[in-house]
Amino acid sequence: MISKTDLPDTIPVFPLPGALLLPRSRLPLHLFEPRYLAMLDDVLKTSSRLVGMVQPYDTPGGSGKLHAIGCAGKVTAFSETEDGRYMITLSGASRFRITEEVEGFTAYRRCNVSWQGFDRDLGPTEKDTSFDREKFMAALGRYLVDQGLSTDWESLGEAEDELLINSLSMLCPFEPEDKQALLEAPSLTTRRETLMTLIEFALRGGSGEEVMQ
């Protein structure tokens, strides 16, 4: 468990469209670009071992502008392949807000960040007291069939609210801007409501028609 005093003011960031990391969740990553192999090498030398996952804006010309809010994860597992690539696991620690990008001599990007406003990320597992699980699972089932996806229903049924909602937020094939909305949700309840809206939107073909109650 990371405490607030362990959070550094500057972290390396990994801009990856559609890759969502949430607090208390795990994200497997495959690193092969030289700049990110160098980033991992440097991160493993720090006490916090934190990498900031952040969504880049989809802007013409590839300006590389980043969303202001991302989520930092601690490297908790890594293994090297025979051809020099790395498989790593990030364990979500806390969201952050970028204050400025650091100009420096590293091949990868680094940012000064603020951790203010995300205290609940370092706390205990969140509960969603107004969660209608039966209705949600029914909509999820229709969505997975519609998307041609399969899942382990037994594991989903046994998962706690936070694990269920966060895992689906990370795994479902939503657009990067939708993933960003899930990341920025201030509470688990808000994230679940956003997730349900995205599922219902997909089920009606992404149109603006009213959802049938």
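Helices and strands are DSSP runs numbered from the N terminus, a helix having at least four residues and a strand at least two. On that basis, R24 lies in the loop that runs between β1 (10-15) and β2 (26-31). The structure is a predicted model.

- Most residues other than glycine have a negative phi.
- R24, although not a glycine, has a positive phi of about 65 degrees.
- With a relative accessibility of 27%, R24 counts as partly exposed, because partly exposed covers the range between under 20% (buried) and over 50% (exposed).
- R49 is likewise a residue other than glycine with a positive phi, here near 55 degrees.

- D121 is located in the loop between β6 (109-114) and α2 (133-147).
- The relative accessible area of D121 is 4%, so this residue is buried.
- When neighbours within four places in sequence are set aside, D121 is in contact with P23, R24, A93, S94 and R95.
- One of these partners, R24, is the residue with the positive phi of about 65 degrees.

**Cysteines**

- A disulfide requires a pair of cysteine sulfur atoms within 2.5 Å, and by this rule the model has zero disulfides.
- C111 takes part in no disulfide, and the nearest cysteine sulfur, that of C71, is 14 Å away.
- C111 is buried, because its relative accessible area is 0%.
- C172 is also in no disulfide; the nearest cysteine sulfur to C172 belongs to C71 and is 18 Å away.
- C172 is buried as well, because its relative accessible area is 4%.

**Packing of α4 with α6**

- Helix α4 (residues 161-171) and helix α6 (residues 188-203) have axes that come within 10 Å and cross at roughly 45 degrees.
- The two helices, α4 and α6, are therefore oblique to each other.
- The crossing in which α4 passes α6 is left-handed.
- On the α4 side, the contact is formed by D161, E162, I165, N166, L168 and S169, which meet L188, R191, R192 and L195 of α6.
- By class, the residues of the contact between α4 and α6 comprise four nonpolar, two polar and four charged.

**Packing of α5 with α6**

- The axes of helix α5 (residues 176-184) and α6 come within 8 Å, with a crossing angle of roughly 160 degrees.
- Angles over 145 degrees count as roughly antiparallel, and α5 and α6 are therefore roughly antiparallel to each other.
- The crossing of α5 past α6 is right-handed.
- D178, A181, L182 and L183 of α5 make the contact with R191, T194, L195 and L198 of α6.
- The contact of α5 with α6 consists of five nonpolar residues, one polar residue and two charged residues.
- R191 and L195 of α6 take part in the contact with α4 and also in the contact with α5.

Methods. Residues numbered from 1 in each chain as written. Predicted model: local features only at pLDDT ≥ 70, side-chain atom pairs only at ≥ 80, totals over all residues. Heavy atoms only, no water. Buried < 20%, exposed > 50% of the residue type's maximum accessible area, 1.4 Å probe, protein only. Axes fitted to C-alpha atoms, helices over the stretch in contact; angles between N-to-C directions. Parallel < 35°, antiparallel > 145°, perpendicular 65-115°, else oblique. Left-handed = near helix turned anticlockwise from the far one by under 90°. Contact = heavy atoms within 4.5 Å. Nonpolar A, V, L, I, M, F, W, Y, C, P; charged D, E, K, R; others polar.
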